[in-house]
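Visitor: I would like to learn how to read pockets, cores and confidence in a model like this one. Could you take me through it?

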Amino acid sequence: MTGSVFFKGHKYTFYINLVIFSLVISFLIFFGTMLFPKQYRAYNTYFIDAQYLQNSESIIDFSPQQLAEKTADNIKGIIESKNFLGKVLEVAGYENNSKSREKLSKRILVKKVGPQVLYVQIKGYRDSEILEKTIVSLTKVLRDEVSSINSNGNVLIALNEVNEAPNVEEIQLYPWLNAVLAFLVTGILGVSLYEFKKYIEK
């Protein structure tokens, strides 16, 4: 299809060609999405509580709520650290090197969804068993870190999993939705270019 067909031909011919072109793009997007390899994500949610030990002394005396929120922020930073991710890889039985740590750091999302609630998600794996093993190892390493903090500090941290077990699910790609969006975007863009061409030629 040449530019003359789109912009110099009859108005209705242009729209017919545009619809055909949009349908072709839509089908390509649809089948491309269908052929895309399956990927999975795993997530878990943690509720964090903290309180000062009896007879403990602290330079900054937070209220119980402030202490719990501050502790949640600190634990979020721990999970995002490369050292922590390296321990997760080791516990899961995988190689711990800079490349694998960097790869895991790009696949993990740690989000504070409440004052004392952390949401942790790992995605991008094509093997659900590897993903489940990784998220389970993360929880184990996190519990070990919390136990270490409790044994060496003046604050007692309680880490509770909101879910009984980590959730592992397939990432939905929605091929039909992608195809419809591709059709609409292509059509709108084509009409916009056509009208713009008519406008500048006046």
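**Reading the model, feature by feature**

Guide: Happy to. Keep in mind that the model is a predicted one.

Visitor: Is Ile130 buried, partly exposed or exposed?

Guide: Ile130 has 29% relative accessibility, so Ile130 counts as partly exposed. Apart from its neighbours within four places in sequence, Ile130 is in contact with Tyr94 and Tyr125. The C-alpha atoms of Ile130 and Tyr94 lie 9.8 Å apart, while 36 residues separate the two along the chain.

Visitor: How do I read a pocket, and which residues line the largest pocket?

Guide: The general idea first: rolling a probe the size of a water molecule over the atoms shows where empty space is left. Here the largest pocket has a volume of about 200 Å³. Ile130 belongs to its lining, together with Leu89, Tyr94, Glu95, Ser100, Lys103, Leu104, Arg107, Gly124, Tyr125, Arg126 and Thr134. By class, that lining has five nonpolar, three polar and four charged residues.

Visitor: Which elements each supply at least two residues of that lining?

Guide: They are α5 (98-107), β3 (117-125) and α6 (128-152). The largest share, four residues, comes from α5.

Visitor: And what is the volume of the second largest pocket?

Guide: About 170 Å³. Its lining is made of Phe62, Leu67, Lys70, Thr71, Asn74, Ile75, Ile78, Ile149, Gly153, Asn154, Val155 and Ile157. Two or more of these residues come from each of α3 (64-80) and β4 (155-161), and α3 gives the largest share, six residues.

Visitor: Which residues have the most contacts inside the largest nonpolar core?

Guide: That core has 29 residues, and those with the most contacts inside it are Ile75, Ile79, Phe84, Ile108, Val120, Ile122 and Leu138. Two or more residues come from each of β1 (40-52), α3, α4 (82-92), β2 (108-114), β3, α6 and β4. The largest share of the core, six residues, is from α6. Take Ile79 as a case: leaving aside neighbours within four places in sequence, Ile79 is in contact with Phe84, Leu85, Ile108, Val110, Leu118, Val120, Leu138 and Leu142.

Visitor: Which residues of α4 are buried?

Guide: In α4 they are Phe84, Leu85, Gly86, Val88, Leu89 and Ala92. These buried residues pack against α3, α5, β2 and α6. After α4 comes Gly93, with a positive phi near 90°.

Visitor: Why does Thr45 count as buried?

Guide: Thr45 counts as buried because its relative accessibility is 14%, and the cut-off for buried is under 20%. Thr45 is placed in strand β1. Beyond neighbours within four places in sequence, its contacts are Val117, Leu118, Tyr119, Asn160, Glu161, Val162 and Asn163.

Visitor: Where is confidence lowest and where is it highest?

Guide: The general rule is that where pLDDT is low, the predicted coordinates should not be read in detail. In this chain the mean pLDDT is 83, with 90% of residues reaching 70 or more. Confidence is lowest in helix α1 (residues 3-7), at a mean of 45, and highest in α4, at 94. Over residues 1-9 the pLDDT is below 50, and this stretch has 14 contacts in the model beyond near neighbours in sequence.

Notes: Residues numbered from 1 in each chain as written. Predicted model: local features only at pLDDT ≥ 70, side-chain atom pairs only at ≥ 80, totals over all residues. Heavy atoms only, no water. 1 Å grid on protein atoms, 1.4 Å probe; cavity = no way out; pocket = protein on both sides within 12 Å on 5 of 7 lines; lining within 4 Å. Points joined across faces, edges and corners; volume = space filled by probe spheres on them. Nonpolar A, V, L, I, M, F, W, Y, C, P; charged D, E, K, R; others polar. Core = buried A, V, L, I, M, F, W, Y, C linked by side-chain atoms within 4.5 Å. Buried < 20%, exposed > 50% of the residue type's maximum accessible area, 1.4 Å probe, protein only. Contact = heavy atoms within 4.5 Å. pLDDT = per-residue confidence, 0-100.
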